[in-house]
Amino acid sequence: MPALMNHDFFGKDLLGDDPHIIGDTDDDRDAFLLGCQGPDPLFYLATSPLHAKYWHLGTQMHVNFTAELFCALHKAQDIVSADEKDIAHAYAHGFICHYELDSIAHPLIYATQYKICGAGIKGLDDSAHSEVHAFIERELDESMLWRIRHQTVAEYAPYKHIIIAREHVLRIISKMFSYLALTVYGKQVPPDMYRLAIHKMRRTQHLFYSSTGMKRNVLGDIEQIVRRYSMLRSMAPRPVANPDPWVANEDHHEWDDPATGTPHFESFYDLYDMALEKAKKDIPLFDQPDFDLDAAHKLTGDINFNGEPSEAQIEVHEVKPLGSPENAQGAENARNFEGAYDSEDFEGDYDSGDTKGSNE
Ligand SMILES: [Zn+2]
């Protein structure tokens, strides 16, 4: 998922309240903040011809075997050498933070995505769910950047401040990922898969960075020659001062949890604060020496990273790799949907008809 600023701010907020959950070296801090990105870096392997086949593991980690994943994460702290343990420990704590924000905020994000895709906007349907999802999370990133730092990407370049870590930190986390992939998902992955994913993520974030918005528009236009919607345009944050995205639901309109149908009124900012409080409770539980599968089931409540019951293993829409044949649209379809994916583009009458999309 592209919301790397929110996940990074979340980790920094937690560290601000409770700096003792990790060691005091820069490597510990970097590992913790990488952990806050969870399995998301694996999605960027889609941009590597050699390693594209591994990006699905990012989806699997978000959807399946959530309790097993946390149980294995606890054990993964023991497969590294003694001098690597602090980094592994910090990474695991960050990974929990990713889970808390993902699982608590995703129901609102999916509910909003289904509303947008099902709103009857001409040329827009569920086939664009990946771009719409990215659009929502990008708007939330821009909003939090302003709320927390009172800055836009004109002053704050995410790729310079986020997912920074030394190579040996990446190698230690790669070891942990190989262990998780094998023991939870039965997949043998290259020993440096995670390190490669971070390199791809950095490169993509650098490419997507547009301090004035001009590069975003130019590259977005090029992408829309072959695809109806531009993933780059959806993902790349814009230099917008004081954004007030309706997708954050600050006015507390009712929305339904797509997995359960339960009505909610929380804004994204409420959910962010709830996730912070839950992280503060869950990290000490995870640190118990006897943390096992039962404890992992309790910690997660069997809710996966998408905020869905994990035992139901609801199929999420898979994000097709950028530029893959499945995701390519004919040039004749390009530009059917105008605009640069600003909030207004997706506004509509969301109360009419089936707004849940085809994820049912
Ligand atoms: Zn995620």
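Which residues in H5 meet which residues in H8? Ile87, Ala88 and Tyr91 in H5 meet Val169, Ile172, Ile173 and Met176 in H8, where contact is C-beta atoms, placed from the backbone, within 7 Å. Keep in mind that this is a predicted model: local features need pLDDT of at least 70, side-chain atom pairs count only at pLDDT 80 or more, and totals for chains, interfaces and linings use all residues. Residues are numbered from 1 along each chain as its sequence is written.

**H5 against H8**
- The contact of H5 with H8 splits into seven nonpolar, no polar and no charged residues.
- The axes of H5 and H8 (residues 167–185) come within 10 Å and cross at roughly 65°.
- H5 and H8 are therefore roughly perpendicular (that label covers 65 to 115 degrees).
- H5 passes H8 in a right-handed crossing.

**Nonpolar core**
- The largest nonpolar core has 93 residues (buried Ala, Val, Leu, Ile, Met, Phe, Trp, Tyr and Cys joined through C-beta atoms within 7 Å).
- Helix H5 (residues 85–117) gives the most to this core, with 19 residues.
- Among the residues with the most contacts inside the core are Tyr91, Ile173 and Ala197.
- Leaving out residues up to four places away in sequence, Ala197 touches Pro41, Leu42, Tyr44 and Leu45.

**Positive phi outside glycine**
- His150 has phi near 55° and sits in the loop between helix H6 (129–149) and helix H7 (158–161).
- His150 is exposed, with 11 other C-beta atoms within 10 Å (exposed is 12 or fewer, buried 20 or more, partly exposed in between).
- Asn249 also has a positive phi, about 55°, but Asn249 is buried, with 21 other C-beta atoms within 10 Å.

Methods:
Helix = DSSP H or I, 4+ residues; strand = E, 2+ residues; numbered from the N terminus. Contact = placed C-beta atoms within 7 Å. Axes fitted to C-alpha atoms, helices over the stretch in contact; angles between N-to-C directions. Parallel < 35°, antiparallel > 145°, perpendicular 65-115°, else oblique. Left-handed = near helix turned anticlockwise from the far one by under 90°. Nonpolar A, V, L, I, M, F, W, Y, C, P; charged D, E, K, R; others polar.
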